[in-house]
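Hi everyone, and thanks for coming. Please bring up the sequence and the model on your screens, and we will walk through a few places together.

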Amino acid sequence: MINIKNLCFTYTNSKPYILDKVNLKIEKGSYVSILGENGSAKSTLIKLILNLLKPNSGQIIIFTSKIAYVAQKVENFNAQFPITVYEMLNCHRKVLKLKDKSLILKSLQAVGMENHTHTLIGNLSGGQQQKIFIARSLIGDPDLLILDEPSTGIDIQSMEDIYRIIKGLNKNLGITVVSVEHNLKAALDNSTDIFEMGNGSGILYNIQNYKNKLNEERG
C-alpha cells in the first residue's frame, strides 16, 4: 500500500535532516500505529505521505489514490456553529464530485451517528464530533485511512468507541489504517504493526514482536 525508500526531509533545506533515510513498507490491509517521543517527526512523516510536504530526497510510493485523512482534533466547535452534520458531509461529497447522496447516510451508519444527521455539529460532544470527522473521511470509499492522534481531547468512553470503529473499518472493510498515536494502549490493542520513530528514523515491528520488546525493556 505504501513504500517509503530512503526518505530524507528537513524544513531548512540543509542538514541535519529531521527524517534521515527512513524506510517503511506498509502492507495493504494492515493497521500501523506510529509511535515516538514528541519531536520525533511523526506528524511530519504523515504530511509527507499526504504530499503536503516534499521530501529532500528519497521516494514515497502509494498504491492507491483513494486516501482519506482525519486530522488531530484541536477543539470543539462552538455550540452555535451554524452547520448540521448532513450539511458538513454533503459539502465534502460535493468536493469529491460524488453524485450519490446515500453515501452520507452510509458513512454515518458506519460510525453509529445516523441519528444525528440534522444535528448542529456544534451541539455534539467532542467524541461525537470525532466520529463525524471519521464518517466524512469514509464518503470517498477510501483504501487508505490516515489519522493524527484520533483520541486527543475526548472522553474515555468516546475514545473506546473511536478505536472500535477504526479497528472495524480495518478488519471488516479492509481499509489500510495509518495512525499517529500517543495512546500506547490503543496502539497495542488495535494495531497489526508498530512503527517506532526516533533519531530521525524508525523501525517497523509486527505487534507481537513489539509487545515482546516492551516486556524485555520492562524487565
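Let's begin with a side chain that reaches the backbone. A polar atom of the side chain of Asn183 lies 2.9 Å from the backbone nitrogen of Ala186, and the backbone nitrogen of Lys185 is 3.3 Å from a polar atom of that Asn183 side chain. Both are polar contacts, a term for a pair of N or O atoms within 3.5 Å; within protein, one must be able to donate a hydrogen and the other to accept it, and residues adjacent in sequence count only if both atoms are side-chain atoms.

Before we go further, a word on what you are looking at. This is a predicted model, where local features need pLDDT of at least 70 and side-chain atom pairs count only at pLDDT 80 or more, while totals for chains, interfaces and linings use all residues. Residues are numbered from 1 along each chain as its sequence is written, and side-chain values use heavy atoms, with hydrogens and water left out.

Back to Asn183. You will find Asn183 in the loop between β7 (176-180) and α6 (184-190). Those labels come from DSSP runs, numbered from the N terminus: helices are H or I runs of at least four residues, and strands are E runs of at least two. Is Asn183 buried or exposed? Its relative accessibility is 14%, so Asn183 counts as buried; buried means under 20% relative accessible area, exposed over 50%, and partly exposed in between, using a 1.4 Å probe and protein chains only. If we leave aside neighbours within four places in sequence, Asn183 is in contact with Ser151, Met159 and Tyr163, where contact means heavy atoms within 4.5 Å.

Now for some helix packing. Please find helix α4 (residues 126-138) and helix α5 (residues 156-173): their axes come within 9 Å and cross at roughly 15 degrees. Axes here are lines fitted to C-alpha atoms, for helices over the stretch in contact, and the angles run from 0 to 180 degrees between N-to-C directions. With that angle, α4 and α5 are therefore roughly parallel to each other. The cut-offs are under 35 degrees for roughly parallel, over 145 for roughly antiparallel, 65 to 115 for roughly perpendicular, and oblique for the rest.

Which residues make the contact? From α4 we have Gly127, Gln130, Lys131, Ile134 and Leu138, and from α5 we have Ser158, Asp161, Ile162, Ile165, Ile166 and Leu169. Sorted by kind, they give 6 nonpolar, 3 polar and 2 charged residues. Here Ala, Val, Leu, Ile, Met, Phe, Trp, Tyr, Cys and Pro count as nonpolar, Asp, Glu, Lys and Arg as charged, and the others, Gly among them, as polar.

While you are on α5, look at Glu160. Glu160 is partly exposed, with a relative accessible area of 46%. Glu160 and Gly127 are 33 residues apart in sequence, and 9.8 Å apart in space from C-alpha to C-alpha.

Next comes another pair of helices. Helix α2 (residues 85-95) and helix α3 (residues 102-110) have axes 10 Å apart and pack at an angle of about 120 degrees. So α2 and α3 are oblique to each other, and their crossing is right-handed. On the α2 side, Val85, Tyr86, Leu89, Asn90 and Arg93 meet Ile104, Ser107 and Leu108 of α3. That contact divides into 5 nonpolar, 2 polar and 1 charged.

Within α2, the buried residues are Val85, Met88, Leu89, Asn90 and Arg93, and they pack against α3 and α4. Leu124 counts as buried at 6% relative accessibility. In sequence Leu124 and Val85 are 39 residues apart, yet in space their C-alpha atoms are 9.5 Å apart.

Finally, some backbone details. The peptide bond from Lys15 to Pro16 is cis, with omega near 5 degrees, and Pro16 lies in the loop between β1 (2-9) and β2 (19-26). In strand β1 there is Asn6, whose phi is near 50 degrees, a positive value in a residue other than glycine. Asp141 is not a glycine either, and has a positive phi of about 55 degrees; look for Asp141 in the loop between α4 and β6 (144-148).

How values were computed. A crossing is left-handed if the near helix is turned anticlockwise from the far one by less than a right angle, and right-handed if clockwise.
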